[in-house]
Amino acid sequence: MRWRHPPVYRPLLDLLTMEDRHIIITYRLDRATIQELCDQLEPDLMSAIRQPTGIPPLVQLLSVLHFLASGSFQTTVAMASGMSQPMFSNVLTRVLSALLNHMPSYIVLPQVEDLATVKADFYALGHIPNIFGAIDDTHVAFVPPDVLGCIL
């Protein structure tokens, strides 16, 4: 018979002791934005804390932001955050769900009828055609699906 051990969390992340530059490199957001986001997500993340090994909402958010910003593996980020990979997997699911609930406050996609105007405005800014949005100064190519190629 296997004994189930309670999850163990060892606090390793502390936003207060990190330099501003290191915060932006690690999480791709500044300290104030992270704190604001944490305040918004806290009700969703607090409901899942189990005592005495519960993970504070800020640590949950920081570990997921680090995962998203680095493109690393769950095991690596979990170790850097002071938790097990299964625990991080649960935290990841919880934080992403909370972020999705608040997504409309942060991400606005243009409506189809506004695309021509948005493209013209972006062209006026950078003289690059067919741009209808920007994400963190990253170029993301959207290619429509090849409908005819999908038909057998």
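This passage walks through a predicted model of a protein chain, from its overall make-up to a few local details.

The protein chain holds seven helices and zero strands. Followed along the sequence, its pattern reads α-α-α-α-α-α-α. Of the 152 residues in the protein chain, 24% are buried. Among the contacts with a separation of 6 or more, 54% join residues 24 or more positions apart.

Most residues other than glycine have a negative phi. Arg28, which follows α1, has a positive phi near 65 degrees although the residue is not a glycine. Arg28 sits in the loop between α1 and α2. With a relative accessibility of 43%, Arg28 counts as partly exposed, because that value falls between the cut-offs of 20% and 50%.

Helix α2 also takes part in a packing arrangement with α5. Two packed helices are described by the angle between their axes and the distance between the axes. For α2 and α5, the angle is about 120 degrees and the axes are 10 Å apart. The crossing of these two helices, α2 and α5, is right-handed. On the α2 side, the residues that meet α5 are Leu37, Gln40, Leu41, Asp44 and Leu45. Their counterparts in α5 are Arg94, Val95, Ala98, Leu99, Asn101 and His102. Sorted by class, the contact of α2 with α5 comprises six nonpolar, three polar and two charged residues.

A search of the whole structure turns up one aromatic pair. The pair is formed by Phe67 and Phe88 and is edge-to-face, with 5.5 Å from centre to centre and 65 degrees between the planes. Distant parts of the chain are linked by this pair, since Phe67 belongs to helix α3 and Phe88 to helix α5 (residues 85-102), 21 residues apart. Both Phe67 and Phe88 are buried.

The loop between α6 (115-126) and α7 (147-150) contains Asn130, and Ile131 lies in the loop between α6 and α7 as well. Asn130 has a phi near 60 degrees, a positive value in a residue other than glycine. At 57% relative accessibility, Asn130 counts as exposed. Ile131, by contrast, counts as buried, because its relative accessibility is 19% and the cut-off for buried is under 20%. Apart from its neighbours within four places in sequence, Ile131 is in contact with Val118, Lys119 and Phe122. Ile131 and Ala141 are 10 residues apart in sequence, and their C-alpha atoms are 9.2 Å apart in space.

Methods:
Residues are numbered from 1 along each chain as its sequence is written. This is a predicted model: local features need pLDDT of at least 70, side-chain atom pairs count only at pLDDT 80 or more; totals for chains, interfaces and linings use all residues. Side-chain values use heavy atoms; hydrogens and water are left out. Helices (H or I, at least four residues) and strands (E, at least two) are DSSP runs, numbered from the N terminus. Rings of Phe, Tyr and Trp (its six-membered ring) pair if their centres lie within 6.5 Å; planes under 30 degrees apart count as stacked, over 60 as edge-to-face and the rest as tilted. Buried means under 20% relative accessible area, exposed over 50%, partly exposed in between (1.4 Å probe, protein chains only). Axes are lines fitted to C-alpha atoms, for helices over the stretch in contact, and angles run from 0 to 180 degrees between N-to-C directions. A crossing is left-handed if the near helix is turned anticlockwise from the far one by less than a right angle, and right-handed if clockwise. Contact means heavy atoms within 4.5 Å. Ala, Val, Leu, Ile, Met, Phe, Trp, Tyr, Cys and Pro count as nonpolar, Asp, Glu, Lys and Arg as charged, and the others, Gly among them, as polar.
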